[in-house]
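The briefing that comes after it is arranged by topic.

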Amino acid sequence: MSSTNHQPTATRLDKFCLYTAAAFPCALITSNSALEAIIALVGISWLGGLIFQRRNPFPDLLKDPLVLPWLAWYGAVVLSLLINGPGSKGWGHDLILFRQLLFMTALLDISRRMPIARTLMIGLAAGLAWVAINLTLSYTIGHDLIGNSLLHYQKKKTSLIGPITGLTAYAGPLFCCFALLRKQLNTRLRILAMAVGLLSFFLLFYSGVRTTIIASFAGLAVGLLWQFGRRFSIKSLTITGIACVLLLGIAIQNIQIAQINKVVNLASMYDRVKVWQVSTAMWQDSPWFGIGVSSFRETYKEKAATFPQDDVIMPNGTIFSWHKNTTHAHNTILMLLVCTGIPGLLTFLWLFGRLAINSIRVQNQHPEVIALLTVFILIALVGYNIYHSWYNALFAYLAALAGTLFGPAGGSGDLEKLSHD
């Protein structure tokens, strides 16, 4: 079969993978099964297309700023697994982390033949709308479209709150910066983007997770200040900074009293310090290759048992009692060191460094990426587990979105085309 005959089918496969990937944000805040189905479908469809076309894109893809570093990072995971053996979750838990790399690589490859940034941003907006619809239905009729009760949107420990706060933390500054900094776009589109950004912040405030609230506002502030600082005077920077502070103050004032109490509650900070102490001790036991990703929980529990209880009386008079069990180190650097040792840390820094450097190079055309980097860095200080399936996949989605902007096609003017829709 000639390449000419292959071309229409190849284009259809690319579009299928892209539109399926754009459904990722909706799947992320639906269920883990939906999330895994989207990731698997994109990866398998893309590989199937390569076999059908008899095409080998990997020599070129390995030159991409993100693919080789992520492959090296995955190699550090496999190396630690081979040295330490599997934990309670088995060999497959660590090996299957390859699926997020495949997901990102598929999108980066597709971006070489067609623009994808516009579609991925529409997917993010659709995910936020999906959360808003389900939350509204939960309040009005008692459950959302998939049967979850309102409690699933109110309790921090549920499977929905983490993905919702992760998605909204990045989407808020992304869409707000898009609306405020892209003056070449038409007014209607900028208003729509700002509405999506504000919806994202509202959903983020509703969750009451202070780490993501702080990180998201900081991402917005840094994105605006970074761009304005290249164009305006110190006076403009000062006014912008004051406006960001006032906006944050107004937002906090409008959070429910129960949410404010969660924000000022110091118990979680005491807990973080204990987790960091135990995690540091775990890394010191295996500094070079770590303990493996799937071994973290049981190893942490064993190590924490060797630490004294040390209940603490907090400033408000309540007693903090340390729970000696957790699923991750609550710090990305420590998590990388504990699970995959020095190779894991170095390869991830290589990946993030390439992402940051290339994002800064294109920030004149795509200033939103600076906001995304800021959010990730601040969440990494105390927040999510970089090896958790949903957060690792979200990172892959956003990396593909940023990567297509500084890739060979440079985004192909994709985002600018939105102004003509």
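The model is a predicted one. It carries a nonpolar patch on its surface, to which Leu47 belongs, and it holds five cavities of 30 Å³ or more.

**Surface patch**
- The nonpolar patch on the surface is formed by Leu47, Phe58, Leu62, Leu68, Leu71, Phe98 and Trp350, which together have about 550 Å² of accessible area.
- Leu47, one of the residues of this patch, has its place in helix H3, which spans residues 32–53.

- Leu47 counts as partly exposed because its relative accessibility is 32%, a value that lies between the 20% limit for buried and the 50% limit for exposed.
- Ser45 also lies in helix H3, but Ser45 counts as buried because its relative accessibility is 13%, which is under the 20% limit.
- When residues up to four places away in sequence are not counted, Ser45 touches Phe16 and Cys17.

- The lining of the largest cavity consists of Tyr170, Phe352, Leu355, Ser359, Val369, Leu372, Leu373, Phe376, Phe395, Leu398, Ala399 and Ala402.
- At least two residues of that lining are supplied by each of helix H16 (332–361), helix H17 (368–382) and helix H18 (389–405).

Definitions and conventions:
Residues numbered from 1 in each chain as written. Predicted model: local features only at pLDDT ≥ 70, side-chain atom pairs only at ≥ 80, totals over all residues. Heavy atoms only, no water. Patch = residues over 30% accessible without salt bridge, like charges linked within 9 Å, V, L, I, M, F, W, Y side chains within 5 Å. Areas by Shrake-Rupley, 256 points an atom, 1.4 Å probe, with all protein chains shown as cover. Salt bridge = Lys/Arg side-chain N within 4 Å of Asp/Glu carboxyl O. Helix = DSSP H or I, 4+ residues; strand = E, 2+ residues; numbered from the N terminus. Buried < 20%, exposed > 50% of the residue type's maximum accessible area, 1.4 Å probe, protein only. Contact = heavy atoms within 4.5 Å. 1 Å grid on protein atoms, 1.4 Å probe; cavity = no way out; pocket = protein on both sides within 12 Å on 5 of 7 lines; lining within 4 Å. Points joined across faces, edges and corners; volume = space filled by probe spheres on them.
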